[in-house]
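Biologist: Please show me the model, and then let us go through it in questions and answers.

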Amino acid sequence: MYEANQLVGKTLAEVAKVIKPGVTTNQLTRIAEEFIRDNGAEPTFKGYPNQDGDPFPAALCTSVNEMVVHGFPNDIPLKDGDIVSVDCGTLLNGFNGDSAYTFCVGEVAPETRELLKVTRDSLYLGIEKAVAGNRLGDVGFAIQNHCESHGYGVVREFVGHGIGRDMHEDPAVPNYGRRGNGTLLKKGMCIAIEPMITMGSRHLVMENDGWGVRTIDRKPAAHFEHTIAVYAGKARILSSFDYIHEVLGDREF
């Protein structure tokens, strides 16, 4: 699990190297797929079916601005001021990795950068609660409380998940909840925690492609994700943003 998730972090760093105005999300997914395959893994998103059995067409989900998750890569150039959530999955030696990071494209408005910062901070607050003996409601409450205290919306319809030999396993991992409620966390469980946070309304609209999901008011949304292993005392983060930060330096947001 660690090796598969480290590869996801390294793949996202390869993407980070080229994100700038004028680049297309199709270019990003081609770079990612080549890197994943060159490292002996499979891109798990490519061909993954939705609820209707329709396969996802690419190695990355690339969700720009008001697109919350599951955006199709395309040939539309990214613009200065955009943000783009890049979600990546790998299958390596029979185990799955999954992580996401929302990148700035050029000069992004301060209020949008703040949304990204709060969303990423909420991910780590959730991870702090993901320890043996706690419940998933403790994780969700930490994320929800932090984001709503800043006036943001917390998506309900899409959640994190268990992960292992399959990319999506039980349990569902909501980004909202009540302390002391939900599935009991036990040592050895692996879960993907992924806050999806909106600047305005938390309500969503499904795109006609059956995959992409955007905010109903077309305000920006941010998405960050780590895969973690539950231990007593402190969770172990299996994925990594360190490779991304080495590329971005002080340009994180």
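Predicted model: local features only at pLDDT ≥ 70, side-chain atom pairs only at ≥ 80, totals over all residues.

Biologist: At what angle do the axes of α3 and α4 cross?
Modeller: Helices (H or I, at least four residues) and strands (E, at least two) are DSSP runs, numbered from the N terminus. Axes are lines fitted to C-alpha atoms, for helices over the stretch in contact, and angles run from 0 to 180 degrees between N-to-C directions. Helix α3 covers residues 110–128 and helix α4 covers residues 136–148; their axes come within 8 Å and cross at roughly 155°.

Biologist: Which residues of α3 and α4 make the contact, and how do they divide by class?
Modeller: Contact means heavy atoms within 4.5 Å. From α3 come V118, D121, S122, L125 and G126, and from α4 come V139, A142, I143, H146 and C147. Ala, Val, Leu, Ile, Met, Phe, Trp, Tyr, Cys and Pro count as nonpolar, Asp, Glu, Lys and Arg as charged, and the others, Gly among them, as polar. The contact residues divide into six nonpolar, three polar and one charged.

Biologist: Is D121 buried or partly exposed?
Modeller: D121 lies in helix α3. Buried means under 20% relative accessible area, exposed over 50%, and partly exposed in between (1.4 Å probe, protein chains only). With a relative accessible area of 25%, D121 is partly exposed.

Biologist: Which residues of α2 touch α1?
Modeller: Helix α1 (residues 2–16) and helix α2 (residues 25–38) pack at an angle of about 140°, with their axes 9 Å apart. The α1 side of the contact is L7, K10, T11, E14 and V15, and the α2 side is L28, I31, A32, F35 and I36.

Biologist: Why is strand β4 called largely enclosed?
Modeller: Strand β4 spans residues 83–92. It is largely enclosed by the rest of the structure because nine of its ten residues are buried.

Biologist: How many bridges join β4 and β5?
Modeller: Two strands pair if DSSP finds at least two bridges between them. Strand β2 (residues 60–64) pairs with β4 in the antiparallel sense over five bridges, with T62 opposite V86. Strand β5 (residues 95–104) is also antiparallel to β4, and T102 of β5 is the bridge partner of S85. The number of bridges between β4 and β5 is ten.

Biologist: Which residue in the turn between β4 and β5 has a positive phi?
Modeller: β4 and β5 form a hairpin, with two residues between the strands. The residue in that turn with a positive phi, of about 55°, is N93.

Biologist: Which residue of β15 is the bridge partner of I228?
Modeller: I228 points the way H226 does from strand β14 (residues 226–229), and both are buried. Two bridges join β14 to strand β15 (residues 236–237), and the two strands run antiparallel. In β15, the partner of I228 is I237.

Biologist: Where is the peptide bond from D170 to P171 placed, and is it cis or trans?
Modeller: P171 is in strand β8 (residues 169–173). Omega for the bond from D170 to P171 is near 5°, and the bond is cis.

Biologist: Where does H70 lie?
Modeller: H70 has a positive phi of about 65° although it is not a glycine. At 23% relative accessibility, H70 is partly exposed. Its place is in the loop between β3 (67–69) and β4.

Notes. Residues numbered from 1 in each chain as written. Heavy atoms only, no water.
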